[in-house]
Amino acid sequence: MGVAGIVTETIPKILDPLPGGRHLVNGIEFIVGWARANSLWPLVYGTACCAMEMMATGASRHDWARFGVEVARATPRQADLIVLAGTIVEKMGNNLVTLYQQMPGPKYVIAMGSCSISGGPFYYDSYSIVRGGDRLIPVDVYVPGCPPRPEALLYGIMHLQKLIRKEGRHNPWKVKEFETPPCIDIHSNSKKEWVEIETQKQAGMTTARERFKAENPDYVPYKAVRRPKDKFPEVPRRPVVQSGLANQDIYAIVHEVFPEVKQVKQENTDAENDKKLTSETLLEFAVTKDHYLSLLTLLKTHATLQMDLLLQVTAIDQHDFFHILVHLLSTRHGHKIFVRCPVAGEQPEIETLSHLYRGAEWHEREVYDLFGIIFRGHPDLRRLFLKEDFPGHPLRKNFKDPSRIVKRPY
Amino acid sequence: MNDIAFPTTNAIGDLVRANFPASSAYIINGILGIAAVLITVALIPVFLVWMERKVAAHFQARLGPMRVGFHGTLQSVADGLKLLFKEVLKPAGADSFGFFLAPILPATASFLVMTIIPFDHHLQVTDLNGGVIYVIAISGLSVFGILLAGWSSNNKYSLLGAMRSGAQLISYEISLAIIMLLIVLVSGTASLREIVLSQQGTVLDWWIFKLPGLGLVAFIMYLISSTAELNRGPFDISEAESELTGGFTTEYSGISFSMFFLAEFVNMFVAGTLTTTFFLGGFLAPQIGLGTVDLLFDAVPGFVWFFLKTCFIIFLFMWFRWSFPRLRVDQLMELEWKVLLPINIIVLVLGAIFVAQGWILP
Amino acid sequence: MEINHLQAPPGFTDTAAAEATTEEYYLNMGPQHPGTHGVLRLVLRLDGENVQEVVPHLGYVHRAIEKMAENQTYLQNIHLTDRLDYLSSFMNNLGLCMAIEKGLGIGVPERGEYIRVMLCELQRIQSHLLWWGVLGMDMGAVTAFLYGFKEREMITDIFEEVCGNRLTMNFFRPGGSSADVPDTFLPRVATVIERLKRALDEYQTLLTDNIIFQERTRGIGVLSREKALSYGCTGPVLRGSGVQYDGRKNNPYSIYERFDFEVPVGQGGDSFDRYLVRMEEMAQSIKIVQQAMETFPTGPYRSKEFSKYRIPTGSYFSQVETARGLLGIYMVADGTAKPYRLKYRSPSFSNLSAINEMAVGYKIADLITIISTLDLVIPDIDR
Amino acid sequence: MIEESIIKKHTVLSEHAAELLQSRQSSTVKPGLSLSQYLYKIGSGFYSLLKGMKLTGSYFVNPGKIVTQPYPENRETLKMFPRFRGRVIMVHDEDGEHSCTACGLCEKACPNGTISVHATRNIAGRKVLGRYVYRLNQCTQCNLCIEVCPFDAIRMGHDFELAAYDRDSLIFILNNKEGRG
């Protein structure tokens, strides 16, 4: 509780009965409130886009130092204000609570931006979001916006200063009890409530309706005027200059070495000239599991292809099997090659590419984390984004976790 | 040579000596002196915190504290009061004795040094004839506070910060001591009052200009090493916010943190006063040689000149801090041992030659 | 995850040298740390001040954008790309719009292309200004942070006037942009360009020429050419290591081949090279914006508007050179109004993966400088 | 045969940066600087520090360079750009009528489920707008709803001073009256 907490509680009990004691107590409370309000030291904490607007508020043009909010301390020990700038994610949740508990004495929280108020754009369909900062720590002021303007944050800070000045005797150290509202689908919930009100209202309206129809039979309904749709011309696509080797040459080179590797037929190309590919369609090879590694070593080491940069290794869940996708780019020529390899089974396995491209380590860890595909020979296959004890692999189409995901209603 | 009649007499001291018995008068004078120093030490950080934030703001093209009193004058009062009423936390596993002793040491070190600084002819608590040696000894004390704070708060960042500042303060004390040695050598006395009086005469008699090129070089070296002593400016590697989150003050909150905060600004004031005492002629008014202007300057009491010069030096410290990036630890050590130390030793030797040749009349 | 000091935490190669004279320890630069630009957590194995090994932990701002993308229409996905790498939100929008245009086979009128190029280049300058400011603050020169933001606010005013929001614009649509540029746009851009030129010289004196800055960045965090390619780094990090690859030149998209600008390439691959590459890029972007202003065409700003964007089945890939590197958007459409799979290849993800290569052997202070010259945006990594 | 032809020679950095790079090559060689290099480095280093201080000094000396726009004091003169997206408001003409016909297009276009359009049947039995619920705490001001509205019924307002003490006060009902039937 700390010394000063008890002091501000017990002073009034002693001084009130004394003559003029009340004015003295109010004087002390005013000064203490004024001091706390005018020297709010924010914690250096920012997770996402709102942190940029918080930095802009701290910069020269908006300059929150005018309010005494200046010494942005990196340690929670010397900070007395957390501005929840940015999305709060489940994994960051308990770190945020420990930060809040590490802060001393009278501490205040501003929830900045709709992510920290209610989960904002990530409310629906996200499995790793905390829908609102006040589910973890008691929030004093909510500043809506995405991100809110620096002036809006300054208005929020002035709002908080008003709150602190009024605090006075009430001991600010008692952490406010806060209840965490359940994660319900607000959108369809409000529709359900409206339907109940609506049925009641319509039930009572039948008699009024006949009387209205009787009184003015020639009632003509109001016709809303539509906004004129502005016409935009149809513009043909500009021919894209394909840098590097043309798709056919690459296909020819690969076809010599791997005759059975076929070209993934892009549905949007015209059907009959399967071979003649327009320059814009992707060159995607469908390869089986056993040729996967040898094809990729060929692509990397081939003298003319020189695919020296691995763009990404990712996967697609095709309901009964997965597609492993490897995207390669040649920085010398500029052409790109896409490789697709189907893997089946509940816990599919494939060789790793980390000895070819060191960057593949992280991409493969992400695919393991989100899809559950094992990469044999991977030096350090752990979950990359989610916590170790996260149930299941979320990017699979059949991932069901009602406790975390709120389905989008429309 | 130094008993020229000075206009201001030691009025208060004589008053006390007049109507109190001899033994108690000495004690009362001492207590009054200490009280005066403590009051100034309490008020100075309040002013300096405000000055630092306004100066930093104007350097950065912004306004700084504006709303908390006229142009933010009450801002540092609000900060101090808020820190007073904050909860004081001790992290689990922290050694409580060391944890709460640490903030006191740097503050006491700077209070002790304040006792012998000559603010004016008679505005000085005591005048030790070994003043400079006393300053060197006491300024070594603040290192203990920082090391103790770093070790006892059971946090890797504070330990890192404390080790860094330990190495930094120890190595920069050497070049500080060498330059003080040069001043003692050149002015002939070690008592601060005598050093100031040895700079009497026109502005050119100040040590910064008296020794031809030497004084300026020594002044710059002194500025650099005293910024490093303060853990400020390009040398704030001990509480580097962007690396060690808070350095040795990471685990301190409330009143214990405000002791470190206060000690930093009092130290800055002390470093400013020492620079003015050694190089800019302490409380002496700058005589330029034009008759009327000299009289006008003389009319202004000594301690006003003293504070003006100190504020200019403090402004320089702030200017360094807000214009340069931070040095790395090993670059800092390299700067001290490979750049400052050789130059200081050369300056000391040249100073000795000047004195031996008798070019400067101490 | 509790770190006990004797057993190496996960991810570390357990090669604590037996005969190490000084005892190594593990330091956790936690998710909330001023030096990690957001919520990136680094666990370092330190020998005194020297970094022996760095293991980044991600996921502290993983908001599952790719799972959400499968349940949102294409227009709603464009709005989400702002929040990926919020310092180049125009370029993210452009990436997804180009993928959709490739799917629907629609073109973009001249004025729409010019608006896109000018706004993207202005956003590149704005992002580099913020990077420059935060680099200065990470190295101790807090004044650099405020000077960087001073100019950045002017460009933010242009964006606010054009699209209404300062940071997350959601302005581009497949076929052009959602609204025309107001007529005060060109004069305002002209004044901002003049002011930026003077500002770049100021930055030259404040940081680039500063001896302390050069001492702290020269020869620090060297990333060799092969390592950069093998880790998949792109953008200024790759060009700093000497590889001449810039998406706007090597794989030209939109109308970049009409403007003539150079691609700065460093030699040594250390922090100072990456710094100079970005400073030079700012000057080049100013050149592009000036050329675009001179030949700014009139006419329609977007092509035919669709009420429902249904993209025929197939996989499409579009690539944009954002301020941090190559953003690749791989879209698998199944004919309905919602994408079947939308994968964002984020540049910071690969740039960060090379941190262990660059930071080993240097001090903690250098690690902060290296992270700063990587110019990371953590939500771009975690998506 | 393909490599050289394709890559156009890109000019390396501007002269200044190139010169720095050359001098960097020499300075990364750490062993020992010759005395002249050592003194030159101290001299040029000291000069570069002074130049940096001159720049910050110029900002300190003339207050004309201060760019701060003091928010609460400049409230009267502070005007948002015409296209600024504060929050969604419903356009009401002089006698309080709005032109929303509860078609629900904006509800479907919104990515975050911010808008709930509740239709009701009025006295004449026609479907009109009953209650237009707008949850500002979820809105990301992406302007999709306003672009899709066929009747220009909703518009982006310019107010940004919307901070509140509790979460529920950020849910607004935008229409004053039932829709015109």
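Author: Happy to; we can go through one chain, its contacts and then a single residue. Keep in mind that this is a predicted model.

Reader: Great. How many helices and strands are there in chain A?

Author: Chain A has ten helices and ten strands.

Reader: And which domains does the assignment give for chain A?

Author: Domain 1 covers 38-165 and domain 2 covers 247-376. The C-alpha centres of these two domains of chain A are 44 Å apart.

Reader: What is the radius of gyration of chain A, next to that of a compact globule?

Author: Chain A comes out at 31 Å, whereas a compact globule of 410 residues would be near 22 Å. Its C-alpha trace spans about 105 × 75 × 45 Å along the principal axes.

Reader: How much of chain A counts as buried?

Author: Of its 410 residues, 47% are counted as buried. As for contacts within chain A, take those between residues at least 6 apart in sequence: 68% of them join residues at least 24 apart.

Reader: Changing topic: how many residues do chain A and chain C bring to their contact?

Author: Chain A brings 69 residues and chain C brings 64. On the chain A side, helix H3 (49-58), helix H4 (90-102) and strand E6 (309-317) each supply at least two residues.

Reader: Which of those gives the most?

Author: That is E6(A), with six residues. By class, the side of chain A that touches chain C has 35 nonpolar, 17 polar and 17 charged residues.

Reader: Nice. What about chain B and chain D, how many residues are in contact there?

Author: Eleven residues of chain B are in contact with 14 residues of chain D. The chain B side of that contact is made up of eight nonpolar, two polar and one charged residues.

Reader: Now a single residue. Where is C:Val320 found?

Author: C:Val320 sits in strand E6 of chain C, which runs over residues 314-321.

Reader: Is C:Val320 buried or exposed, and why?

Author: C:Val320 is buried, because 27 other C-beta atoms lie within 10 Å, and the cut-off for buried is 20 or more.

Reader: Which residues is C:Val320 in contact with, beyond its sequence neighbours?

Author: Leaving aside neighbours within four places in sequence, the contacts of C:Val320 are C:Met91, C:Leu94, C:Gly95, C:Gly247, C:Tyr253 and C:Leu327. Take C:Gly247: it is 73 residues from C:Val320 along the chain, yet their C-alpha atoms are separated by 6.5 Å.

Reader: Thanks, that helps a lot!

Technical notes:
Residues are numbered from 1 along each chain as its sequence is written. Chains are lettered from A and ligands numbered from 1 in the order in which they are written. This is a predicted model: local features need pLDDT of at least 70, side-chain atom pairs count only at pLDDT 80 or more; totals for chains, interfaces and linings use all residues. Two residues are in contact if their C-beta atoms, placed from the backbone, lie within 7 Å. Ala, Val, Leu, Ile, Met, Phe, Trp, Tyr, Cys and Pro count as nonpolar, Asp, Glu, Lys and Arg as charged, and the others, Gly among them, as polar. Domain bounds come from an automatic or database domain assignment. Helices (H or I, at least four residues) and strands (E, at least two) are DSSP runs, numbered from the N terminus. The radius of gyration is taken over C-alpha atoms; the globule rule is 2.2 Å times the number of residues to the power 0.38. A residue is buried if 20 or more other C-beta atoms lie within 10 Å of its own, exposed if 12 or fewer, and partly exposed in between; C-beta atoms are placed from the backbone.
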